[in-house]
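Keep the viewer open as you read.

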Amino acid sequence: MKKKIKNNVSWLGKVDWELEKFHGEDYSTHSGSTYNSYLIEEEKTVLVDTVWMPFADEFVENLAKEVDLKKIDYIIVNHGEVDHSGALPALMKLIPETPIYCTANAVKSLKGQYHEDWNFNIVKTGDSLDIGNGKSLVFVEMAMLHWPDSMATYLTEDNILFSNDAFGQHYASEKLYNDLVDECELFEEAIKYYANILTPFSAILRKKLDEIIALNLTIDIIATSHGVIWRDNPMQIVEKYLDWSNDYQENQITILYETMWNGTKKLAEKIAEGIYLEDPDVVVKLYNVAKTDTNDMITEVFKSKAVIMGCPTVGNNILNSMAGFIHYIKLMKFKNKKAAAFGCYGWSGESVKVLNKLMEDAGFEVISEGYRNQWNPDLEAENEAVEYGKSLAKV
């Protein structure tokens with residue numbers, strides 16, 4: 001069922017309450033998601049994006065109830081990834097000659113995924129498409145936010161920015177708008193989305209946001225492709241993105257550890273105690289890497305000024321979960337963050353050195369040689385760990 005957004009613009013998407021994983025198994029969606037498609041009915045009828053392929057038949061059926069498919073004049077593909085374009089093959093079987101407007105890279109993406117040579121029309125930043133009644137669609141390339149083919153589309157007069165993945169969240173709600181949902185939940189999902197998907201492209205994002213601002217567009221609504229639509233002070237999420245893209249950090253230190261027989265866990269807790277004793281104002285968070293959701297931990301790393309990594313030595317190295325998580329950290333290309341390490345060992349004790357090297361390779365400033373403890377911590381070792389925490393508190 002379509003829902004009117006403004007004047008002749010409607011939402012026609014899918015709320016996916018059951019979604020638990022996204023991008024394969026790489027992204028956790030504790031709050032489900034939505035796949036937002038939009039229908040513009042002026043003198044020309046325009047469809048902006050579709051939905052994920054599992055919902056393609058349902059989407060096309062619902063769309064056909066709202067509009068004669070043969071009267072769709074244009075289809076806008078802001079991004080070729082399957083969660084946005086997945087219903088295109090089913091739709092194009094019914095209206096194969098309908099013009100598709102997208103970037104040059106989106107043509108490559110769509111042809112590569114669906115092996116169809118549809119009626120593609122390539123657009124670039126500043127190009128526009130007249131849709132009648134004094135309104136136009138203006139295109140803005142958003143390369144690497146988060147794919148090379150990404151773009152946004154702006155509807156003049158109604159002042160709606162169809163932003164695709166930018167400014168979105170994996171957040172399921174029937175209420176559709178930011179002012180109708182729990183603000184704390186919304187921003188938790190928004191920062192998680194940014195931290196895990198857009199962080200590697202922060203430098204590009206800053207330049208693109210400056211470019212969009214320089215266009216002097218009046219934006220009344222930001223219609224994203226996932227989650228809720230920003231209609232109440234929509235620029236608040238743009239301001240957040242400007243903040244998040246600027247080597248973001250809060251007054252937080254996060255301790256991430258993995259343990260075999262709880263020795264390293266003890267050290268982690270004592271280090272946290274030491275940090276708090278030295279600086280009660282700093283937020284200290286503690287997570288077992290093997291037991292905690294990866295994307296939630298990445299979000300906490302994103303918010304942190306320093307990350308303290310702990311792992312026992314196993315086979316002259318570190319445990320698998322910790323190694324895999326640091327690999328993920330490296331992919332995020334974090335900037336302006338510090339790191340330190342600790343761990344227990346029985347025989348050779350290389351884990352701290354390995355952690356320091358891996359975090360340095362991931363772009364972190366390693367601020368300490370680290371703390372090692374042989375065997376299970378006794379009272380003296382626990383006190384040393386507290387002191388180590390104190391030494392790290394004022395990074």
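## Helices H10 and H11

In this predicted model, Met322, Ile326, Ile329 and Lys330 of H10 are in contact with Leu355, Leu358, Met359 and Asp361 of H11. Sorted by class, this contact between H10 and H11 involves six nonpolar residues, two charged residues and no polar ones.

How do the two axes sit relative to each other? Helix H10 covers residues 320-332 and helix H11 covers residues 351-361; their axes come within 9 Å and cross at roughly 20°. Angles under 35 degrees count as roughly parallel, so H10 is roughly parallel to H11. The crossing of H10 and H11 is right-handed.

## Helices H9 and H10

H10 also packs with H9, at an angle of about 50° and with the two axes 11 Å apart. That angle makes H9 oblique to H10. The crossing of H9 and H10 is right-handed.

On the H9 side, the residues in this contact are Thr294, Asn295, Met297, Ile298 and Val301, and on the H10 side they are Phe325, Tyr328, Ile329 and Met332. The class count for H9 with H10 is seven nonpolar, two polar and no charged residues.

## The largest pocket

Now to the open spaces. The largest pocket has a volume of about 280 Å³. Its lining is made up of 15 residues, and Glu188, Ile191, Thr299, Glu300 and Lys303 are the closest to the pocket centre.

Which helices supply at least two residues each to this lining? They are helix H5 (183-198), helix H7 (235-244) and helix H9 (294-303). H5 has the largest share, with five residues. By class, the lining of the largest pocket holds eight charged, four nonpolar and three polar residues.

## The second largest pocket

The second largest pocket has a volume of about 230 Å³. Its lining includes Thr259, Met260, Trp261, Gly263 and Thr264, along with Pro312 and Thr313. Cys344, Tyr345, Gly346, Trp375 and Asn376 line this pocket as well.

Helix H8 (263-278) and strand S20 (338-345) each give at least two residues to the lining of the second largest pocket. How many charged residues does this lining have? There are no charged residues here, and the lining is made of six nonpolar and six polar ones.

## Two cavities

What does a search of the whole structure find in the way of cavities of 30 Å³ or more? The search finds two. The largest cavity contains about 50 Å³ of space, and Met1, Leu12, Gly13, Lys14, Glu58, Phe59 and Asn62 line it. Helix H1, residues 56-66, gives the most to this lining, with three residues. The lining of the largest cavity is split by class into three nonpolar, two polar and two charged residues.

The second largest cavity has a volume of about 40 Å³. Around this second cavity are Leu161, Phe167, Leu209, Ile212, Ile219, Met235 and Val238. Helix H6 (202-214) and H7 each supply at least two residues of its lining. By class, the lining of the second largest cavity has seven nonpolar residues, with no polar and no charged ones. H7 is a helix to highlight: it supplies at least two residues to the lining of the largest pocket, and it supplies at least two to the lining of the second largest cavity.

## Backbone details

Two places in the backbone deserve a look. Leucine 145 and histidine 146 are joined by a cis peptide bond, with omega at about 5°. Where is histidine 146? It lies in the loop between strand S13 (135-141) and strand S14 (151-155).

The other place is asparagine 7, whose phi is near 50°, a positive value in a residue other than glycine. Asparagine 7 belongs to the loop between strand S1 (3-6) and strand S2 (9-11).

Methods:
Residues are numbered from 1 along each chain as its sequence is written. This is a predicted model: local features need pLDDT of at least 70, side-chain atom pairs count only at pLDDT 80 or more; totals for chains, interfaces and linings use all residues. Side-chain values use heavy atoms; hydrogens and water are left out. Axes are lines fitted to C-alpha atoms, for helices over the stretch in contact, and angles run from 0 to 180 degrees between N-to-C directions. Helices (H or I, at least four residues) and strands (E, at least two) are DSSP runs, numbered from the N terminus. Angles under 35 degrees count as roughly parallel, over 145 as roughly antiparallel, 65 to 115 as roughly perpendicular and the rest as oblique. A crossing is left-handed if the near helix is turned anticlockwise from the far one by less than a right angle, and right-handed if clockwise. Contact means heavy atoms within 4.5 Å. Ala, Val, Leu, Ile, Met, Phe, Trp, Tyr, Cys and Pro count as nonpolar, Asp, Glu, Lys and Arg as charged, and the others, Gly among them, as polar. On a 1 Å grid over the protein atoms alone, a cavity is a set of points where a 1.4 Å probe fits but cannot get out, and a pocket is an open set with protein on both sides within 12 Å along at least five of seven lines; lining residues have an atom within 4 Å of a point. Grid points are joined across faces, edges and corners, and a volume is the space filled by probe spheres set on the points.
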